[in-house]
Amino acid sequence: MIDQKSVPPPVIDPVCGMSVSPGDAAGSSDYQGETYYFCSSGCAEKFRANPGRYLKPNKPDPFAAAATTPSGQVPYTCPMHPEVQQLGPGSCPKCGMALEPAVIAPVANKVEYTCPMHPQIVRAESGACPICGMALERRDVALDESNPELVDMTRRFWISLALTLPTLLLMASTLIPNDPLKHLLGSGSSLWLEFALATPVVLWGGWPFFQRGWMSIVNRNLNMFTLIALGTGAAYFYSVFAVLFPRFIPASFRDMNGEMAVYFEPASVIVTLVLLGQVLELRARSQTSSALKALLGLAPNKARAVQEDGREEDVPLSRVIVGDRLRVRPGEKVPVDGVVLEGTSSIDESMVTGEPIPVEKTTEARVTGGTVNGTGTFIMRADRVGAETLLSQIVRMVGDAQRTRAPIQRLADVVASYFVPAVILIAMITFAVWAIWGPEPRLAHALVNAVSVLIIACPCALGLATPMSIMVGTGRGAQSGVLIRNAEALETLEKVDTLVIDKTGTLTEGKPKLVTLESADGREDLEMLRLLASLEMASEHPLAGAIVAGAKERGLQFTKPDNFTSLTGKGVTGAVEGHAVAAGSAKLLEDLSIDPQPLEKRAEDLRQQGQTVMLVAIDGRPAGLVGVADPIKPSTPEAIQLLHAEGIRLVMLTGDNRTTAQAVASKLGIDDT
């Protein structure tokens, strides 16, 4: 008996970060008095060539950092300037862009129990419905995780919009002959009304922009908020001065009737439009990160720990450490990455691989946290926990990719650094030119045109388009199961001329269906299917599920099998209603001394059509065959046609057999397999 305590604990490969058992390591290397172990010879060679590269202090892990910060204090960073980091939300001192969390936390959920017959019955714990007595069913309810900055900007936008619309109406009235609103309200009253409407819009609604504009000046990083603050501030405060102290307004600011021009309306409209842009930006960023939060939330909140004395208890996932033994029951999610120690099952790994067909797991097989266990139960050893799990690494990689800079962004940054000062200089020149050579009232025209230069030239798109496109692109990709390593890869994507694609779940639906049913010994097709499906009910194989589902669609009744045996790589055998039933490969029939040749020719024809064929024998004689196929998605032909139209060569890589792969490739017009 092996003493578990004598087995050295797994260590981390310094090159790739994988967990490695020293006894099973592909290589090792001594460096500065310490031994390092590697998962492959390639990692060992890289380490020996440059150990310092892999042993440099790593950047602080945002997941670990989040755990050590005070309650409620999450590290935030700027998408455009990742070097800017602080605890808690705020705005970037360099570009004014709203900071975003550096830590992507899973979507929080709370558990409720409700009655399926009386949904108004909601309890915090399980039990029976007080009305009908039925057992309450569990449901996970997502907690409200609204972005406080988005809530604040949305509130500012709607209130500013409500106050700006009457201001626009007053402005529009001046375009109507005789200016009916001014005639109704009077010239003085209309000015005070505009002042009352514009003041909360500019001073309250636009206050964040004035803060960011001031910070840009203090930090000597002029940006779009510098222009917004200067433009709206100049228009508003001149108008306030004109209303409060009209006697000090020179004649050059008055029109031919001696009336003053005020600019409450453009100041209010600009603030409202910029607020709208901020709301749309924050909403896009919030929706983009929701896919990553949901992905991280795939991991369960608890794990069932198996103690040394055999006791089992549910513990929070945060308490699981490397080396713990955990039990995963039917239908549960695998809590962390690890290795199966006892038991067998099939696991849905579509979260990671995109393959919806469950994968059989036996002793020593690796399992991934967040994947879904099938009908079996097993005990596993935790090898990676917390931020080291594959799921956390995927989320971190996509999160980092959202904050990386594409090569084109370097050009945008350089242009922006010269653009804002140039715009301010042009606005000053504009004011001087209109004040000297412009039509009367010269100073009024000079002011409005200078403000127009500041606002219209605001480089919102220049500063935001690149990081926003990267953020949305990587986020939408993750939502569709496409992981983008960094911004440079996203930019390079438009230059690709060859696309390598998978078959199952990508070109096909990924859900095998029973498509062919043929008997060979005079037995009715449905009778053969009934006996076969009764036998396959005891199997966890994905193809067995397709056969059982096909039998249910045909309304067949099943019988519990006896002496069920599953032979890995061959098929299954057993007894149903006294009949000896076997289904699987030709090798299985040969082992049972049954000649498969009467079925092989037809089976090969079906394989040429892309079907997976199982030969069936009943009572020692060939009884027929069934064909299972993975239907092609309805959208696949059009997608391939569009890709070919773009001049992209398509290569299909699949783990399926060559005959099936070539059949699918030929049908779809794939260039190579």
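Predicted model: local features only at pLDDT ≥ 70, side-chain atom pairs only at ≥ 80, totals over all residues.

Q: Okay. How many helices and strands does the protein have?
A: The secondary structure comes to 21 helices and 27 strands.

Q: And what share of the residues is buried?
A: Of the 673 residues in the protein, 41% are buried.

Q: What part of the contacts comes from residues 24 or more positions apart?
A: If you take contacts with a separation of 6 or more, residues 24 or more positions apart account for 61% of them.

Q: How many bridges join strand 14 to strand 17?
A: Two bridges, with the strands running antiparallel. G338 stands opposite V367 in strand 17.

Q: What holds paired strands together in general?
A: Strands of a sheet pair through backbone hydrogen bonds, parallel or antiparallel.

Q: Switching to salt bridges. How many are there?
A: The count comes to 19 salt bridges.

Q: Which one links strand 13 with strand 14?
A: That's E342 with R325, whose side chains meet in a salt bridge at 3.4 Å, N to O. The pair links distant parts of the chain: E342 is in strand 14 (residues 337–343) and R325 is in strand 13 (residues 325–328), 17 residues apart.

Q: What does R304 pair with?
A: R304 meets E312 in a salt bridge at 2.9 Å, N to O. E312 is partly exposed, with a relative accessible area of 28%.

Q: Which residues are in the salt-bridge network around R304 and E312?
A: R304, E312, D314, R327, R329 and E332 are linked in that network.

Q: And D309, what's its partner?
A: D309 forms a salt bridge with R311, where the closest N and O atoms are 3.0 Å apart. D309 is exposed, at 55% relative accessible area, while R311 counts as partly exposed at 48%.

Q: New topic: the largest nonpolar core. How many residues, and which have the most contacts inside it?
A: It has 23 residues, and the ones with the most contacts inside it are M528, L529, I547, V616 and V626.

Q: Which element gives the most to this core?
A: Helix 16, with six residues. Elements that give two or more residues include helix 16 (525–536), helix 17 (542–553) and strand 25 (612–618).

Q: What does L529 touch?
A: Not counting residues up to four places away in sequence, L529 touches L514, L517, I547, A551, R554 and L556.

Q: Now helix 12. Is T430 buried or exposed there?
A: T430 is in helix 12 (residues 407–437) and counts as buried, at 15% relative accessibility. Leaving aside neighbours within four places in sequence, T430 is in contact with N449, A450 and V453.

Q: What about M428, buried or exposed?
A: M428 lies in helix 12 as well, and it counts as exposed at 56% relative accessibility. M428 is one of the residues making a nonpolar surface patch of about 660 Å², along with L425, I429, V433, I436 and W437.

Q: Last one: where's P634?
A: P634 is in the loop between strand 26 (621–629) and helix 20 (636–645), and it's exposed, with a relative accessible area of 72%. P634 and T508 are 126 residues apart in sequence and 8.7 Å apart in space, C-alpha to C-alpha.

Definitions and conventions: Residues numbered from 1 in each chain as written. Heavy atoms only, no water. Salt bridge = Lys/Arg side-chain N within 4 Å of Asp/Glu carboxyl O. Buried < 20%, exposed > 50% of the residue type's maximum accessible area, 1.4 Å probe, protein only. Helix = DSSP H or I, 4+ residues; strand = E, 2+ residues; numbered from the N terminus. Contact = heavy atoms within 4.5 Å. Patch = residues over 30% accessible without salt bridge, like charges linked within 9 Å, V, L, I, M, F, W, Y side chains within 5 Å. Areas by Shrake-Rupley, 256 points an atom, 1.4 Å probe, with all protein chains shown as cover. Pairing = 2+ DSSP bridges. Core = buried A, V, L, I, M, F, W, Y, C linked by side-chain atoms within 4.5 Å.
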